[in-house]
Amino acid sequence: MGDVLSGGSDKPRLSERWGGFSRGVRRLIVGLVCCALLAGAAVWILRADRSAPAARHKVPYPVHSTRITFVRVFDIDAQKRSFRIELRAVTKHLVLVRRVTQQYEALTMELSPPQAVTVRPGQARRVRVTARVTSCRDLPVRARLPFLDVTLRNARASQDLSFIPGDRYARALTRVFRTVCGPVSRS
Amino acid sequence: MGKGLIVRHRSLLILTTTVTVSALTLSACGSRDDKSGGGDSGEKTTVVIGVDAPLTGDLSALGQGIKNSSDLAVKTANKNNEVEGVTFKLESLDDQAQAGTGQQNATKLVGNDKVVGVVGPLNSHVGQSMQKVFGNADLVQVSPANTAPELSQGPNWQKGDKKRLFDTYFRTSTTDAVQGPYAAQYLFNKRKLKKAYIIDDKKTYGAGLAGTFSDEFKKLGGKVVGTDHINPDDRDFSAVGTKVAKSKADFVYYGGEYPAGAPLSAQITKAGSKAPVVGGDALYSEEYIKLGKKNVEGDLATSVGAPLETLDTAKTFMENYKSAGYKLPYEAYGGYSYDSTWAIIQAVKAVVEKNDGKLPDNIDDTRKQVTEAMQDVKFKGVTGDVAFDEYGDTTNKQLSVYEVKGGKHKPVQTGTFEEG
């Protein structure tokens with residue numbers, strides 16, 4: 001038969017074992033088991049409580065995990081009144097750059113190529129945009145802080161955000177507008 | 001007998017093991033609690049973090065939010081034993097939004113040889129009056145709310161001549177150099193509002209903000225159909241309201257704070273104008289809506305940072321603030337105040353680590369080292385990643401536009417300033 005302890009059928013029942021303990025030992029065991037259960041429950045609740053927010057939202061909103069910076073303006077075509085903008089996107093969590101525009105009435109912008117750009121964590125991605133000046137009238141030539149409207153989507157949310165690239169972008173736009181429209185062009 | 005005994009002994013062994021493990025777990029929890037309660041047996045140094053804000057008067061709602069949020073940071077640091085061997089204490093002083101009082105408070109805080117850093121103030125003009133006092137004493141100051149650019153970048157910042165005047169000055173909020181132009185771009189291009197009536201309260205913050213807004217708005221092609229200056233202590237703005245109504249302005253830009261801003265907006269509405277009032281972070285307060293009631297529906301305010309609701313790091317702060325039972329809300333600068341206080345705590349921590357586990361014996365040395373350490377402080381705060389640039393300004397330059405909808409400020413746009 002081998003090891004009788006592995007048999008099972010001739011094992012004393014739980015009630016029989018319990019009956020074998022003295023009253024004092026039984027009380028001690030009941031008390032300690034209750035304590036252990038309480039402690040286990042407390043630890044489980046504390047851990048669950050601490051990890052709950054993180055588990056619910058593992059990915060932060062795009063605005064908190066993605067950086068977009070201005071790199072350069074290039075391919076300026078005065079005849080077509082067009083130019084291209086290069087941006088650099090980095091992210092902590094996978095994100096799609098779905099749209100880049102600037103809400104000037106006299107300017108149109110679209111991604112180039114037009115497909116959304118996938119940016120992966122730890123890999124900087126180049127994002128290119130083609131811009132066209134539709135009218136030189138009312139074009140804000142000397143604005144100090146133009147911003148780009150960018151639509152980002154990640155596993156958490158889709159957000160329309162403003163990215164304000166600062167002085168260098170503002171100066172680059174001024175130069176382009178003057179090149180494309182000329183210092184006196186107002187049509 | 002033998003078999004029965006072996007089984008019984010094994011059951012006992014399992015039970016005993018379970019109980020022992022549980023008891024050890026409990027005792028470990030117990031010892032952590034003791035420590036977090038500040039009851040550890042090691043010798044502890046108590047240092048003070050000062051807070052200066054308007055705790056009474058019209059702007060007290062914002063000031064109390066600053067004080068409570070700093071208090072929460074100090075309590076959290078002590079509870080978690082954030083800096084080994086150091087207990088933090090808070091000393092808050094009321095500047096009543098007055099530059100002179102702020103300066104007196106600065107002198108008082110410098111005179112207390114337990115003070116290692118100061119959080120505050122709210123108002124830029126008060127901040128200006130305190131800077132030199134703290135600068136002379138090498139005492140670090142982190143403002144959660146000053147937005148006037150000159151405080152960190154010097155008086156000629158607008159001409160591109162940026163110069164840091166005080167190594168002791170830091171801030172966690174972004175500046176009006178971004179806030180004013182961002183509002184102008186948003187209103188002109190996105191909302192298509194082309195005619196502005198610009199009003200300010202002649203103070204450092206209000207006039208400065210209105211100036212940066214106006215400059216950008218005009219460059220975009222916007223038309224300024226009227227301007228006015230008001231006294232921030234007045235509450236009767238009916239004459240200005242009538243002028244705004246006659247001007248047919250699309251909106252009013254107000255550089256100033258909510259105690260005058262709310263009645264100004266209400267009286268503009270009552271004068272028959274439908275122009276919304278737009279302003280900066282000092283209009284982004286629950287008090288603005290309480291004071292202006294339905295008359296301020298549709299008004300807009302830009303404020304520093306992204307909405308706290310979108311930040312996972314802010315959720316714990318909001319929950320802890322609620323459970324701490326503070327009577328007044330954390331308001332516009334609560335998260336920034338918590339982060340300002342935490343930045344001082346982290347700078348103290350860096351100094352302790354640098355000095356073999358304790359602060360220097362001399363308070364002057366401590367203050368100097370805390371100021372130096374602040375420049376390199378970096379942590380994930382309530383408002384996002386906290387760090388400072390070469391001017392002492394925050395590297396986290398986010399801001400949002402809020403609109404009063406249904407009696408609440410609702411976020412409508414968020415932007416990030418990211419100089420390439």
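What is the mean pLDDT of chain B, and what share of its residues reach 70 or more? The mean is 90, and 90% of the residues of chain B reach 70 or more. Keep in mind that this is a predicted model. One stretch of chain B falls below 50 in pLDDT, and that is residues 1–41. Beyond near neighbours in sequence, residues 1–41 of chain B have 29 contacts in the model.

Now chain A. Its pLDDT averages 81, and 73% of its residues score at least 70. Residues 1–10 of chain A sit below 50, with four contacts beyond near neighbours in sequence. Residues 48–56 of chain A are also below 50, and that stretch has two such contacts. For the complex, the predictor gives an ipTM of 0.78 and a pTM of 0.78.

Back to chain B, for the overall picture. Chain B has 420 residues, and 54% of them are buried. It holds 13 helices and 14 strands. Take the contacts in chain B with a separation of 6 or more: 75% of them join residues 24 or more positions apart.

Next, a pair of helices. Two packed helices are described by the angle between their axes and the distance between the axes. Our pair is α3 of chain B, residues 99–111, and α4 of chain B, residues 124–136. Their axes come within 8 Å and cross at roughly 30°. Angles under 35 degrees count as roughly parallel, so α3(B) is roughly parallel to α4(B). The crossing of α3(B) past α4(B) is right-handed. Who makes the contact? From α3(B), the residues are A99(B), G102(B), Q103(B), A106(B), T107(B) and V110(B). From α4(B), they include V126(B), M130(B), V133(B) and F134(B).

Last stop: helix α8 of chain B, residues 238–247. Which residues of this helix are buried? They are V240(B), G241(B), K243(B) and V244(B). Seen down the axis of α8(B), these buried residues fall within an arc of 165°, so they line one face of the helix. On the other side of α8(B), S238(B) and A239(B) are exposed.

What do the buried residues of α8(B) pack against? Three strands of chain B take part: β6 at 195–200, β7 at 223–229 and β8 at 251–255. Helix α9 of chain B, at 258–270, is there too. One more detail, just after α8(B): K248(B) takes a positive phi of about 60°.

Terms used:
Residues numbered from 1 in each chain as written. Chains lettered and ligands numbered in written order. Predicted model: local features only at pLDDT ≥ 70, side-chain atom pairs only at ≥ 80, totals over all residues. pLDDT = per-residue confidence, 0-100. Contact = placed C-beta atoms within 7 Å. Buried ≥ 20, exposed ≤ 12 C-beta atoms within 10 Å, placed from the backbone. Helix = DSSP H or I, 4+ residues; strand = E, 2+ residues; numbered from the N terminus. Arc of directions from axis to C-beta. Axes fitted to C-alpha atoms, helices over the stretch in contact; angles between N-to-C directions. Parallel < 35°, antiparallel > 145°, perpendicular 65-115°, else oblique. Left-handed = near helix turned anticlockwise from the far one by under 90°.
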